[in-house]
Amino acid sequence: MEKKQMKISIRPARICIYVFLILMTFICLFPILYIVLDSFKTNSEIMVGGVGLLPKVWHFENYSKAWKLANFSRYTYNSLYMSLFIVLGSIATATVEGYIFSRGTTKFSKIVYGMVLASLFISIGAMSLYPQLGLAKMLKLNGTLWGVIVIHVFGMNATQAFLATSFINQIPKELDEAARIDGCSFARIFSSIIFPITKPLIATIGLISFRDAWSDYLLPYVFTISKPARMPLVVGVVNLKTTGIAASSWDIALAGISISIIPMLVVYLFLNRFFIDGLTEGAVKG
Amino acid sequence: MAKILRKRNYDAVGKTQEILMLLPMFIGFLMFVVYPILWVLRWALYDYGGYGAPIYIGFENFIRALTRDNKFWLALINTFYLAVMKLVIELPLALALAFFVNKKVKGSSFFRVVFFLPTVFSVAVIGLVFTILFSAYNGMVNAFLSFLGLIKENINWFGTRFMSLNVVLVVSIWSTFGLNMIYFLMGLQNIPKELYECSMLDGASGLKQFFYITIPLLAPVMQVIILLSLLGTMKITDLLLVMTNGQPGGQTEAVMTYIFKFFFGYGSNSARMSYGYGSALSIITAVILGILTVIYLKNSQKMKDV
């Protein structure tokens, strides 16, 4: 008797929870659905508006137009190029940082660790873009994406460094000692022992830095203001709006936006477990 | 003796290797993190617009910002509004979702994937998409509302300061609540299950468990999440630049977008570049952020001790 009562009192709550979750799912998915479906509409169909989500006729040529006319092939190439080097570079630097902050014995590495920690609290974000651009000019890196790559890779991303440090801290020190007895030097221990067993860390850093690189807007925007041929996808897409082209050709703009989000969508759906695990590890332990 | 010598030599090699390995990153850190801070500190004292000779004006830039620049303070108020409202709406939402998804709801892994999805995309692109969705004449949101019979005339979402700020708020929550949900989820998973079982024996029910076990044990995670969320919103840039760019009439500017324009201009307003003044504003903002962080960390210390 008592059991039956409990079931009845729990059910409405359960239903409420499901309604809430499904509503949130709808809110999350709707904009993405909207972009992808509307990118197949004609411009006038978009301009009229209305609640119809599905296009009357599927216009696949929006993509070829965006790809050729609005130069999205170039933007996509730039994005891939920039992201590839940032990902490789970030993996290399973050693992080394993690190894040294975890195992290093010199005062130098302790001081650097302290400085990086402190920089988190005085970070000046978008305000450091101008001096960074100035530096890149001095190094003759302005007007190319290499400036962005170098800043991403060597600017010591504190979050990634802490994530790597906490991961390597969990690797037992006995491993190092064993290798040391076998005659491995400090650098050798890293390259033949630590680096190979940090695969989950490498995957995590790779994904996070890919996401950061692929979706970065301000830094590449600043570096390519006057060089449209060097813009990555995100900058190219947003540029459509500010130059006023998008107002007249939303079909192309939406196709461009799709091109910029679909690769991220695919990567995320395939690797979402790494993605989420990696982020949580960095947040709570790092 | 020889053994000791060899060991010393070995340690020295190790230390040299250590320094050499860290050196490239350290130089990068000095160049791209420390140098910009020093640069900003220096030029804040000058009147400098990028060309011509810089003029040393002492603290004039700071005086201008503190006494005569209403727009800066408006931008600051906007930013605080966004940060506080975001905390108030987003964190309970994220906590609730994490709580539901953590319990054995059917399809919980599906919900996790979907709720995290918005976080994956570029904030700038998200801004662009929502500008289209909220546009006054052909936007989906207006079409939807009038389809449901809730409005008769199209709403101009970006027409007033209040309205645009709230649209930005909604979009900004959309783009980050998934991340906070994951943080909470991680915290929830670290709470030992035995605690719930024990309290069950003591007769604590769902809500009581939530307030006496879940919330207190989540407190340390919560401390980090609140700080990250606050600082994150204070630095909001891309989203606002793309969505409102300060429209209407510079009323929806946030601190970072306002400062950004002194360095680079954006869209149509590129006529007011002033690196010296921008630097001074940067310093004022950095100091405010620093003070906020310290106050917050001091006052929330209790949360960590639980």
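Which side chains meet in a salt bridge with an N to O distance of 2.7 Å? They are those of A:Arg103 and A:Asp176.

## Basis

This is a predicted model: local features need pLDDT of at least 70, side-chain atom pairs count only at pLDDT 80 or more, and totals for chains, interfaces and linings use all residues. Residues are numbered from 1 along each chain as its sequence is written, chains are lettered from A and ligands numbered from 1 in the order in which they are written, and side-chain values use heavy atoms, with hydrogens and water left out.

## Salt bridges

A salt bridge here is a side-chain nitrogen of Lys or Arg within 4 Å of a carboxyl oxygen of Asp or Glu. The A:Arg103 and A:Asp176 pair is one of them. A:Arg103 lies in helix α4 (residues 72–103) of chain A and A:Asp176 in helix α9 (residues 173–181) of chain A, so the pair ties together parts that are 73 residues apart in sequence. Helices are DSSP runs of H or I, at least four residues, numbered from the N terminus. Both A:Arg103 and A:Asp176 are buried. Buried means under 20% relative accessible area, exposed over 50%, and partly exposed in between (1.4 Å probe, protein chains only).

A:Lys41 also forms a salt bridge, with A:Asp38; their closest N and O atoms are 2.8 Å apart. Both A:Lys41 and A:Asp38 are buried. A:Asp212 and A:Arg211 meet at 3.3 Å, N to O. A:Asp212 is partly exposed at 25% relative accessibility. A:Arg211 is partly exposed too, at 22%.

## The interface of chains A and B

The contact (heavy atoms within 4.5 Å) takes 85 residues from chain B and 92 residues from chain A. About 8,300 Å² is buried between the chains, and carbon and sulfur atoms give 81% of that area. Buried area is the accessible area (1.4 Å probe) that two parts lose on being put together, summed over both. B:Glu18, B:Met25 and B:Phe32 supply 9% of the area that chain B buries against chain A, more than any other three residues.

Helix α1 (residues 2–43) of chain B gives the most to the side of chain B that touches chain A, with 25 residues.

## Buried polar sites in chain B

B:Lys86 sits in helix α3 (residues 70–102) of chain B. This lysine is buried, at 7% relative accessible area. Its side chain makes a polar contact with the side chain of B:Ser172 (3.0 Å).

B:Asn142 lies in helix α6 (residues 140–147) of chain B. B:Asn142 is buried, at 1%. Its side chain makes a polar contact with the side chain of B:Trp157 (3.1 Å). B:Asn142 and B:Glu153 are 11 residues apart in sequence and 8.5 Å apart in space, C-alpha to C-alpha.

## Helix α4 of chain B

Of the 13 residues of α4(B), 10 are buried, so this helix is largely enclosed by the rest of the structure. Among them are B:Phe111, B:Phe115 and B:Phe116.

## A loop residue in chain A

A:Lys140 is found in the loop between α6 (129–138) and α7 (146–154) of chain A. A:Lys140 has a positive phi of about 60 degrees although it is not a glycine. At 71% relative accessibility, A:Lys140 counts as exposed.

Technical notes:
Helices (H or I, at least four residues) and strands (E, at least two) are DSSP runs, numbered from the N terminus. A polar contact is a pair of N or O atoms within 3.5 Å; within protein, one must be able to donate a hydrogen and the other to accept it, and residues adjacent in sequence count only if both atoms are side-chain atoms.
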